[in-house]
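Me: I would like to learn how to read a model of this kind, one feature at a time. Please give me the general idea first and then the case at hand.

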Amino acid sequence: MANVVGQLGESEVNHPAQAASVDWQTELRRAVRDPAELCRLLELPESLAVEAVRAGDEFPLLVPRTYLSRIQSGNPLDPLLLQVLPQAVETETRPGFSDDPLGEAAILQPPGLLAKYAGRSLMVTTGACGVHCRFCFRRHFPYSPSFASLASWEPVISRVEADQSVREMILSGGEPLSLSDGLLAQLARRLAAVPHLARLRVHTRLPIVIPQRVTDELLAWLRATRLTPVVVVHVNHPREIDDAVADALGRLVDAGVPVLSQSVLLRRVNDEADTLAALFERLVDLRVMPYYLHQLDAVAGAAHFEVPEATGRAILQALRDRLPGYAVPRYVRETPGERSKQWVEVDGGGVS
């Protein structure tokens, strides 16, 4: 099937080679939010749009055109499309799946701070995002509409200042890089004033879905303070990495910023060793180190993405047999109340 870029005008979807000519804020504003428009652009049946409208009442469609350009037209089972298109199955109630699978609401003190990891604190910087992944474990999260300003973050920072065990601040969301570089630079400077903080980690999907987000300004504030920056990008399939994404990741690495990746094991998307091997080798070739492969968090609306852990263990063993150790991420699950990710056992002989 032809890629959608070959069938759409340049005014509708940007070719990766031209990505640098359009700024990331413009791409974010131009993101597709209407299922009917998505189906028209991808030559998909209108019935999928009707289903998506019904399924997306609570968690609506949002997909940038830069990401849309990598989806095969006419293919309702495209692994990139499955990650973003609302489906009727999302409305089904499944045992064991809940709105808050990690129990974060009970530990959100003050608003915006999740102190659930030893030595690290996580700041929910914003509820805004650059793409609505249908498996998002925070798709039901109670984001504060007034958050995302230096003044609103001050209670979070004050709490971290009072806890000298915290050595690392993780910026999460939502999507932290949906905020302006000016605001993020202010936040980085404020965090650098906390004496016991040593590292600033940014969890983001935006360089994957809108690679133009890696700007000179972004690179500048990441390196402007004494804090060691680390960027963790969320990527699930090798076709998510086109030339523009490769260039964006290279800019981060060339600027001296360590870049890691995390992925979610997803049914019909990447639940095969061949697919994941291609992804992790591509990342290593781009100097991005595979970090985590997550077992799906049991969030309501995403049960159709679940892969049995036994299948995941078999995939991990296959990856170990064919890839160098540094190219194989840790296979993990997150358990409410635990102070770190839990490694999923492989080989039946302890953690991997």
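Reply: Glutamine 295 counts as buried because its relative accessibility is 8%, where buried means under 20% relative accessible area, exposed over 50% and partly exposed in between, with a 1.4 Å probe and protein chains only. This is a predicted model, in which local features need pLDDT of at least 70 and side-chain atom pairs count only at pLDDT 80 or more, while totals for chains, interfaces and linings use all residues. Residues are numbered from 1 along each chain as its sequence is written, and side-chain values use heavy atoms, with hydrogens and water left out.

Me: Where is the place of glutamine 295, and which residues does glutamine 295 touch?

Reply: Helices (H or I, at least four residues) and strands (E, at least two) are DSSP runs numbered from the N terminus, and glutamine 295 sits in the loop between β7 (289-294) and α12 (309-322). A contact means heavy atoms within 4.5 Å; leaving aside residues up to four places away in sequence, glutamine 295 touches Leu265, Glu306, Val307, Pro308, Glu309, Tyr331, Val332 and Arg333.

Me: What is the mean pLDDT of the protein chain, and over which residues does pLDDT stay under 50?

Reply: The term pLDDT is the predictor's confidence in each residue, from 0 to 100. The chain has a mean of 90, and 91% of its residues reach 70 or more. The value stays under 50 over residues 1-20, for which the model has 42 contacts beyond four places in sequence, and likewise over residues 348-352, with 7 such contacts.

Me: Which residues of helix α3 are buried, and which are exposed?

Reply: An α-helix has 3.6 residues a turn, so residues three or four places apart point the same way. In α3 (residues 46-55) the buried residues are Leu48, Ala49, Ala52 and Ala55. Seen down the axis of α3, they fall within an arc of 130° (taken from the directions from the helix axis to the C-beta atoms), so they line one face of the helix. These buried residues pack against α2 (35-41), whereas Glu46, Ser47 and Arg54 are exposed on the other side. Alanine 52, with 1% relative accessibility, touches Pro35, Leu85 and Pro86, not counting residues up to four places away in sequence.

Me: Which residues does leucine 191 touch, and is leucine 191 buried or exposed?

Reply: Leucine 191, in helix α7 (residues 181-192), is buried, with a relative accessible area of 0%. Beyond four places in sequence, leucine 191 touches Ile157, Met169, Leu171, Leu197, Leu200 and Leu227. Its C-alpha atom is separated by 9.1 Å from that of threonine 225, 34 residues apart along the chain.
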